Amino acid sequence: MLKTVILLASLACAFGAAVPEGMLPQLDGRIVGGVATTISAYPWQVSLQRSGSHSCGGSVYSPNVIVTAAHCLQSVSTTVLKVRAGSTTWNAGGTLVSVAAFKNHEGYNSWTMVNDIAVIRLSSSLTYGSTIKAIGLATKAPANGAAAVVSGWGTLQSGAATLPTTLQYVDLKIVSQAECASSAYGYGSEVKPSMICAYSAGKDSCQGDSGGPLVSGGVLVGVVSWGYGCAFANYPGVYADVATLRSWVVNAAASV
C-alpha cells in the first residue's frame, strides 16, 4: 500500500528517532485549519502519552476506560504509558493517570488499517466534572454530509517536529463509507466497511491526532486513523467507524 511507504517515510524525516516506532501515527501533519479551544468544550478528549510525550489522542468512555486507535498501542508496554485528562494543555494540568492494561481489536490489521480501535484501562478512575466527561458511542453512522468535529494536539504544520500545547479543533463534514470508497474520492477499495471519513476543504485531522475523537450529533462516531497526507484534495481523513465497532468496544471495556 503506497500510503504506508509515503507516510512512514515522511514521519521518519520529520521526527527521526523522536517518535517511538510503535506509536507512529498513520496521519502525516497536523489539525489543518484548526482553532485553539479549551478542554471544557471537549471534556472527553485525553492525551495518550508515551515516556512523557504526547503521542495520540483518546476519548473518555467511562471513569477508567479510554477509547483510542489500535495503531497507537503497537509495540508498547503499559509501564511507559500515561493518560492526561481534564487539561487544555497536553503537558500540564488536569489529571495524569497510569495505564493498567489495554486491548487492541483482535482484527486490527496494520496494512489495511481495518478495525483500528483499542481500549485502555486506567490504574485509577477519573473524577467527572466540567473538564472530564464521558462521551457516548454512536449506534449508527451519521448521514453523509453531517456536521462533525475533531479535536487534538496534532502538529500545526506539515512535517513540524513540535506539538501545540493547546488543544485544537476543526469542523468537518462526514463522508460516508460508501461515498468515501466511491470514484468521487481517491481511496477506492482501501476504505473498508469498518471505516468512515470526514472532510472539509483545507481542513483535516493529522499526525498526533491519531486515536482522538470524531464527534457528530453529540456522540463519538469515529477514531482518528489514517489518510493520504493532510487536507489533500480528494483524500478525506479516514476514521475507525465507532457504530460498526461499538459492540467490540462495549465488550472490550468490560474485560480489559
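**Strand pairing, barrel and cores in a predicted model**

In the predicted model, Gly222 stands opposite Asp241, a residue of strand β13. This pair belongs to the antiparallel pairing of β12 with β13 (residues 237-241), which extends over four bridges. Strand β12 is also paired with β11 (residues 213-216), again in the antiparallel sense and over four bridges, and within this pairing Val215 has Leu220 of β12 as its bridge partner. The two strands β11 and β12 form a hairpin in which two residues lie between them, and Gly217, located in the turn, adopts a positive phi of about 65°. Of the eight residues of β12 (residues 219-226), seven are buried, that is, under 20% relative accessible area, and the strand is therefore largely enclosed by the rest of the structure.

Across the chain, the secondary structure amounts to three helices and 13 strands. Six of the strands close into a barrel, in which the order is β2-β3-β4-β7-β6-β5 and the pairing is antiparallel; on average, neighbouring strands of this sheet are turned by 45° against each other when direction is ignored. Helix α3 (residues 242-255) lies across β3, β4 (65-68), β6 (95-104) and β7 (118-122), and runs at about 25° to β7.

The largest nonpolar core comprises 58 residues, and those with the most contacts inside it are Leu48, Ile66, Val119 and Leu126. Helix α3 supplies the largest share of this core, with six residues. The surroundings of Val119 were examined with its neighbours within four places in sequence left aside: the contacts of Val119 then include Val65, Ile66 and Val67, together with Ala101, Phe102 and Lys103, as well as Trp248, Val249, Ala252, Ala253 and Val256.

For the chain as a whole, 55% of the 256 residues are buried. The accessible surface comes to about 9400 Å², and carbon and sulfur atoms account for 54% of this area. When contacts between residues at least 6 apart in sequence are considered, 73% of them join residues that are at least 24 apart.

How values were computed: Residues are numbered from 1 along each chain as its sequence is written. This is a predicted model: local features need pLDDT of at least 70, side-chain atom pairs count only at pLDDT 80 or more; totals for chains, interfaces and linings use all residues. Side-chain values use heavy atoms; hydrogens and water are left out. Two strands pair if DSSP finds at least two bridges between them. Axes are lines fitted to C-alpha atoms, for helices over the stretch in contact, and angles run from 0 to 180 degrees between N-to-C directions. Contact means heavy atoms within 4.5 Å. Buried means under 20% relative accessible area, exposed over 50%, partly exposed in between (1.4 Å probe, protein chains only). Accessible areas come from the Shrake-Rupley method with a 1.4 Å probe; for residues, only the protein chains shown count as cover. A nonpolar core is a set of buried Ala, Val, Leu, Ile, Met, Phe, Trp, Tyr and Cys residues joined through side-chain atoms within 4.5 Å.
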